[in-house]
Amino acid sequence: MKRLLPLFLTLTFPSLASTTVIYNANGYTPTYKGELKQFSTLVIKDGKVVKIGDDELKNNFPGSQSIDAKKQTLLPGLIDAHGHVIGLGNNLTQLDLRGSQSIVQVQTTLAEFAKSNKESWIIGRGWDQELWPDKQFPTAGDLDKIIKDTPVVLSRVDGHAIWANSKAIELANITIKTPTPDGGEIIRDHSAQPSGIFIDKAQSLITSHIPAPSDHSVNLALDQAGQHLLSLGITSTHDAGIDKQTWLIYKSRAAAGTLPLRIVAMLSAADPDFKTMLKAGRYKDLNDFMSIRSVKIYADGALGSRGAALLADYADRTDHQGLMLETQQRLEELLTLSFRSGFSANTHAIGDKANRIVLDAYQNVFKKTGGILLRNRIEHAQIVAPEDIARFKTLKIIPSMQPVHATSDMHMAQQRLSEQQLIGAYAWQTFLKQGSVVAAGSDYPVELANPFDGLYSAITRQDHNQLPAQGWRVNEALNREDALHAFTLGGAYAAHQEFKLGSLEQGKWADFILIDKDYFTVPVQEIFTINVEQTWIAGKLRFQRTPLQKEE
């Protein structure tokens, strides 16, 4: 039986002296000047774009390597401006609970996984109680029914809560007397005992006891994530918060020329060695495969776990307004430290209170220290008070947003938030209209990494069943051109790379993809079904979807 298998190609840096001409393509590229150009021929030399034009152009380069694109649509390589590379790689090998429809389904999946995995701790991710009939948080007892003697720790899909079994709680020495850390919450049962759910900063009470990963496992996760992202047409990704171990591995792999794709890494401000990494200074390799010049800071939690910090109560939990993970004073200290080291600051803020406090912190530090021109970002910017949206433009803050969050969150968000709170929610169009540069991503592995899911969500504000019929809060939807810009030049701009990446213009790296449908003309409901046939980085083929014979 024939089966379609992807072919991944190892990244190396051979001599790029020869010229390659890709012709007979259905090519599109945004441009730095804001236009959308169509072309059929792309000329590449030394890994960079020489020129784009019609098929007559190939006659000007005799002796070059010529490749017939066979009318396939050619786009610039897509940039995911917010993901978690090692987390994605780990997810590909650990227990995956995404889409589980009940506790029973989680239990069944866990039991099957445990049969073939004899690790000292069972780690998984992806559960979401909002998909379950009663929408209630689970308990340690639910896991104990399946696994009693091995610690089990399962992260919620958004990474802002964990679900632990009793063995994990016991090993962490957590009891009824354990105090709740600032910026976190221990969900307790009717007798005040820890229930098994730990939110935001309370997670570390458990996770600090999980054995540290080896360098080998981090490298393996990097390679697996890289292959997966290349198969989706992602040629560059921003990694939102790396620890010291990953920082060292990234720099080593960049120096050796063995990174699977381009990575823009943000130093985690929560890492114990944060100051050491800052002191080492910014880093960039010669081929633009690794850039480290920004810091990731967390201001609040997530909406799904009711950890996003709100100005008013949650509509579905009285007297609860979420969690600030850092005080404004601490945020200002971290911003100051980052700016004085020459690093921009990319701050996670989901709730309207968190966004306001973060904007206030940026404003205060800009006045005292400077740093306004560093292209600082707010990651997610999901729920923003309407009067605060304009401040992004005034303070030159880039809204780094993930379109698929809107369509994943829409039903839950309408339960969590009032209509007043939703006015500035997932407001991509409002940000664009005021002149903000929107950098789009997926927040994988919180969401699936497929950028065509994100493009579809940005354009339709619908789920894959085309619901709601007119789109959810559709006035904030983007057109196809603006959506593509957010996933290409928007991400490049946010990384100070708009003159190197994000479009197929002369002198830029020749990062591009060939896809099986025309993104600009295919029926809108088919955008998320687009498949990537080839992915190229610096004029070299890195992924090809090739039919190979394989016996079942």
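Predicted model: local features only at pLDDT ≥ 70, side-chain atom pairs only at ≥ 80, totals over all residues.

Numbering runs from 1 along each chain as its sequence is written, and side-chain values use heavy atoms, with hydrogens and water left out.

Helices (H or I, at least four residues) and strands (E, at least two) are DSSP runs, numbered from the N terminus. I checked the span of α12 next: its 14 residues, 403-416, reach 19 Å from first C-alpha to last, close to the 20 Å expected at 1.5 Å a residue. The expected span is 1.5 Å times one less than the number of residues.

Buried means under 20% relative accessible area, exposed over 50%, partly exposed in between (1.4 Å probe, protein chains only). Among the buried ones are P403, H405, D409, M410 and R416. The cover over them includes β21 (377-380), β22 (398-401), α14 (428-433) and α15 (451-460); I counted contact as heavy atoms within 4.5 Å.

Then I moved to β19 (residues 290-298). Seven of its nine residues are buried, so this strand too is largely enclosed by the rest of the structure. Two strands pair if DSSP finds at least two bridges between them. β17 (residues 262-268) runs parallel to β19 over six bridges, with L267 opposite V295. β18 (residues 283-284) is antiparallel to β19 over two bridges, and K284 has S291 as its bridge partner. Five residues lie between the strands of that hairpin, and D288 takes a positive phi near 60°.

β20 (residues 344-349) is parallel to β19 over five bridges, and K296 sits opposite N346. From β19 the chain crosses through α9 (residues 328-340) to β20 in a right-handed β-α-β crossover. Right-handed here: strands pointing away from the viewer, path from the first strand over the helix to the second running clockwise.

Last, I looked up an open, mixed sheet of six strands, ordered β10-β11-β12-β13-β15-β14. β10 (95-96) and β14 (184-188) are at the edges with a single partner strand each, so one side of each has no neighbour in the sheet. Inside it, β13 (residues 161-164) and β15 (residues 194-200) pair antiparallel over three bridges, and A161 has I199 as its bridge partner.
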